[in-house]
Amino acid sequence: MSVLECIRTRRAIRDFEERQVPEEVLRAILEAGRLAPSARNTQPWEFIVIRAPERLTQLSRLTSTGPHLTKAPLAVAVAMLKARYPEVDAARAIQNMILVAWEHGVGSCWIGNWDAEKAKALLGLPADSLLIAVVPFGYPREGTRVARKKQRRPLHTLVHREAYGTPYYKEGAGAGTPRGGS
Ligand SMILES: Cc1cc2nc3c(=O)[nH]c(=O)nc-3n(C[C@H](O)[C@H](O)[C@H](O)COP(=O)(O)O)c2cc1C
């Protein structure tokens with residue numbers, strides 16, 4: 001699968017099969033996170049692998065937007081200890097992990113809304129750390145939203161020529177056809 005195809009087809013997955021994600025696939029996912037770029041190459045992330053169902057359940061009680069956590073065979077929590085751009089660095093690592101998971105047929109869905117102090121305590125994280133996300137991973141259950149069309153703004157509404165306000169692409173033109181181009 002090409003990188004663009006992986007990006008194009010990936011969907012947030014919130015319902016999973018019961019089968020486990022093999023250790024070698026998990027390792028590829030974590031490796032993708034490890035290899036992410038970060039400001040000044042500080043690599044300020046810590047990844048916590050959570051497989052214990054009771055821990056996933058406990059964590060799910062600390063978010064209002066992550067009921068799918070209890071359906072996943074595993075999750076990875078991403079925390080930042082000391083970082084200048086914690087959200088930016090973390091997002092690059094998390095997206096790497098999510099895309100490599102997808103390449104292996106494994107779905108995921110970022111959960112970002114936490115009762116942070118309680119979640120950090122549960123995960124044994126230092127008080128001054130930042131919990132960015134907990135990402136459940138698992139094989140998509142048949143019939144999940146994967147088949148639904150991806151909802152995204154078309155390029156002609158968001159790409160500008162030289163300065164904001166002049167569309168780079170014509171409406172309705174193929175994504176690769178600049179305004180005035182062929
Ligand atoms: C920073 C961030 C936080 C998110 N938080 C949640 C969340 O707490 N719960 C959830 O179900 N999905 C969450 N998502 C997933 C988005 O809702 C989802 O990616 C978006 O609707 C687009 O759908 P798609 O990923 O299928 O293309 C989050 C995504 C991002 C990037």
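The legends below describe close-up views of a predicted model. Local features need pLDDT of at least 70 and side-chain atom pairs count only at pLDDT 80 or more, whereas totals for chains, interfaces and linings use all residues. Residues are numbered from 1 along each chain as its sequence is written, and side-chain values use heavy atoms, with hydrogens and water left out.

View 1. The side chain of T65 places an N or O atom 2.7 Å from a ligand oxygen atom, and a polar side-chain atom of R10 lies 3.0 Å from an oxygen atom of the ligand. A polar backbone atom of W110 is 3.3 Å from a ligand nitrogen atom. Of the 620 Å² of accessible area (Shrake-Rupley method, 1.4 Å probe) that the ligand has on its own, the protein covers 61%.

**View 2. The open sheet of four strands.** Strands (DSSP E runs of at least two residues) pair if at least two bridges join them. Their order is β1-β2-β4-β3, with antiparallel pairing; β1 (45-50) and β3 (107-108) are the edge strands. Seven bridges link β2 (residues 74-80) with β4 (residues 130-138), and M80 has L130 in β4 as its bridge partner.

Notes: A polar contact is a pair of N or O atoms within 3.5 Å; within protein, one must be able to donate a hydrogen and the other to accept it, and residues adjacent in sequence count only if both atoms are side-chain atoms.
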